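Hi everyone, thanks for coming. Please open the sequence and the 3D view, and let's walk through them together.

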Amino acid sequence: MKKVNIVFGTVYGSAQYTAETVSKAIAKLGFVTKLLQPNELLGFVPPQDELLIVVCSTTGQGDIPEDIAPWFNELKSNAPYLPALQYSLIGLGDSSYDTFCGAIKQFDELLAELGAKPLTETLEIDACETMEPEIEAETWITCWQNAVTSANEA
Ligand SMILES: Cc1cc2nc3c(=O)[nH]c(=O)nc-3n(C[C@H](O)[C@H](O)[C@H](O)COP(=O)(O)O)c2cc1C
């Protein structure tokens, strides 16, 4: 089974807690997971033979949280070519903003520019709908696991 790298960007901690929950749940399924802290991100180029999950909330007006923004900018300026990388995205946002889940959409665009491939559809979690984003993320793991299995069979 491929190793799974999980990164998060947060302002108030919900995306971090969601990422921790996802990391633990995936580890229980038998995957080796690495949950990277924001201070471990600079210089981190996601290995293409491993899976990537980005969990990120949105701040400002569709903006990326400050803790993960340096990594986003580094990837954007260094532009490593990652055609074999498979990624999944979990966005936390609030649909009362025009720029709902804008940060995770920016990650989606960036990773696509780098040639990486989405393994699943982006999970967008709306703070208007739930106060417990980690529960929605845990439910989504079944869909993620199915996608991993299908990708391995292909
Ligand atoms: C000042 C501020 C600005 C926000 N801007 C957006 C936004 O532009 N788009 C969006 O979808 N959600 C926005 N949100 C909602 C947060 O993304 C949402 O509450 C999220 O669950 C916070 O997760 P966190 O605790 O990981 O930071 C904003 C929240 C605050 C407090």
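Let's begin with contacts, meaning pairs of residues whose C-beta atoms, placed from the backbone, lie within 7 Å. Among contacts in this protein between residues at least 6 apart in sequence, 79% join residues at least 24 apart.

Before going on, two notes about what you see. This is a predicted model, where local features need pLDDT of at least 70, side-chain atom pairs count only at pLDDT 80 or more, and totals for chains, interfaces and linings use all residues. Residues are numbered from 1 along each chain as its sequence is written.

Now the overall layout. The protein has four helices and six strands, in the order β-α-β-β-α-β-α-β-β-α along the sequence. Here helices (H or I, at least four residues) and strands (E, at least two) are DSSP runs, numbered from the N terminus. The C-alpha trace spans about 40 × 35 × 25 Å along its principal axes. Of the 154 residues, 34% count as buried. Buried means that 20 or more other C-beta atoms lie within 10 Å of the residue's own, with C-beta atoms placed from the backbone.

Next, find C56. Where does C56 sit? Look in strand β3, residues 51-57. C56 counts as buried because 29 other C-beta atoms lie within 10 Å. Leaving out residues up to four places away in sequence, C56 touches F8, G9, A15, I64, P65, I68, G91, A103, I104 and F107. Also look at L92: it is 36 residues from C56 along the chain, and their C-alpha atoms are separated by 6.1 Å.

Now turn to helix α4, residues 133-153. Which residues of α4 are buried? They are P133, E134, A137, W144 and V148. These buried residues pack against α1 (14-28), β4 (86-93) and β6 (123-126).

Finally, the ligand. There are 21 residues around the ligand, and Y12, S14, A15, S57 and G93 come nearest; a residue counts as near if its C-beta atom, placed from the backbone, lies within 6 Å. The elements giving two or more residues to this shell are α1 and β4.

Technical notes
A residue is buried if 20 or more other C-beta atoms lie within 10 Å of its own, exposed if 12 or fewer, and partly exposed in between; C-beta atoms are placed from the backbone. Two residues are in contact if their C-beta atoms, placed from the backbone, lie within 7 Å. The expected span of a helix is 1.5 Å times one less than its number of residues.
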